[in-house]
Structure formats: structure tokens, C-alpha cells
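Happy to walk through some labels with you.

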Amino acid sequence: YQPMFNLNTNKIMGVETLVRWMHPKKGMISPTLFIPIAEESKQIYILEKWIINHALQQKKQWEVEGFKHIELSINISSKTLESDFYFHEIERILLSNDVDFSKVIFEITETAFLYNIDVAIERISKLKKLGIKIALDDFGTGYSSMSHLKELPIDIIKIDRSFVKSIPNCEKDMIIIKNILSVAHDLNCKVIAEGIETEHQLNV
């Protein structure tokens, strides 16, 4: 669980659920390698259901222990949003877990809207009715992020870590970050900057 910090209070406000594969012989295998294969082989559905159920059970445990304020962020693939059967499976998992969904975030990438934006919006709206917040992941790396922003029922914009990583070496990326922040705030969206690792990046 990768911590997310509120930069006003410098306290942990939530966590992002990450999956890692520790192979008994090959060691750590990056999700950039196994997730595309899982999607191609359709095993992503099985993996995603396990991740969501496991993460929600962890959230319930935290709530019982008094950490009700911690937000839990979970990635959901565009494949799941496209599939009637597996989206309903996710709905079933959600309804079987008694947690505070106002502290749950589903992260989606822009590719989720390239297949059928109307279907994606309809399914995201169903999630939001439960109280779940929607974050647009990897923002700034897609082809039509700005045109989609006005249509999408999203609550949070995540600045891709490639922009953060370039601080302070690329002036153009700095300009893009400033404009993303400006647009997000005008649309009443919160912003998460991925991958802040230095004090200078934090200050920026």
C-alpha cells in the first residue's frame, strides 16, 4: 500500500493498492510486465477481483482498528469496464464488503474511455452512487485528456510521475504541471502528484 500524503498537513490521507509478484525463481516481476500479459490472456479479471476483495477486507480491518479516515485507492482496468459480466462481478464484490465507500477511490486510465465512452461513463456513475470517488490516472500522457475532462464524472486527477520525475530539469514539464493544476482546480477536482521522491519536487 503506497501512502498518499496531504501536503497541507503532511499526514497520510490514504493509500494506493499496488500488486507485486514475487516469483520463487525469478524474483520480483514488475506489473509493467505481467499486467499486459494478464490482460491479453484475460486473467486480469481473476486478478482484479482478488485485488479488490483483498483490499476492501484490509480497509474494513483498518476501520475496525480506528483508521476510518484513510482513503483506499484501487486501480480498475479498462477491460473490466468494457465487460458486462466482470463489471457486475465487481459490483457484487463491492456490495458484499461492508466498508465506508466514501473513502474508496477507483483509479482508471484514459484508455477506459476510448472503447465506448458512454458505457464507461454509465458504469462509473454506478460506482459513484455507492459513494466511490473516481480518479483519472496517468493524466497528461493520453491523446485526448482535455476533451474528455468536461464529460467525465471524475473527482481526482493524478499527474503522471513522468512529469514529477522531470522536476526541475524540464521547463516544459513544469509548465504542463502548472496548467494541469489550474484546470483541475477550476473543475473542482483534487490533484495527486505521483512519485514525489525529493524535497525539491515536494516544494514545487
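A salt bridge here is a side-chain nitrogen of Lys or Arg within 4 Å of a carboxyl oxygen of Asp or Glu. This is a predicted model, in which local features need pLDDT of at least 70, side-chain atom pairs count only at pLDDT 80 or more, and totals for chains, interfaces and linings use all residues. Residues are numbered from 1 along each chain as its sequence is written, and side-chain values use heavy atoms, leaving out hydrogens and water.

Q: What makes aspartate 84 and arginine 123 a salt bridge?
A: Their side chains meet at 2.1 Å, N to O, and the cut-off is within 4 Å, so the pair qualifies. Aspartate 84 lies in helix H4 (residues 84-95) and arginine 123 in helix H5 (residues 117-129), so parts 39 residues apart in sequence are tied together. Helices (H or I, at least four residues) and strands (E, at least two) are DSSP runs, numbered from the N terminus.

Q: Why is arginine 123 called buried?
A: Buried means under 20% relative accessible area, exposed over 50%, and partly exposed in between (1.4 Å probe, protein chains only). Arginine 123 has 8%, so it counts as buried. Aspartate 84, at 49%, is partly exposed.

Q: How do you know that glutamate 16 and lysine 158 form a salt bridge?
A: The N to O distance between their side chains is 3.1 Å, which meets the limit of within 4 Å. Glutamate 16 is buried at 12%, and lysine 158 is buried at 1%.
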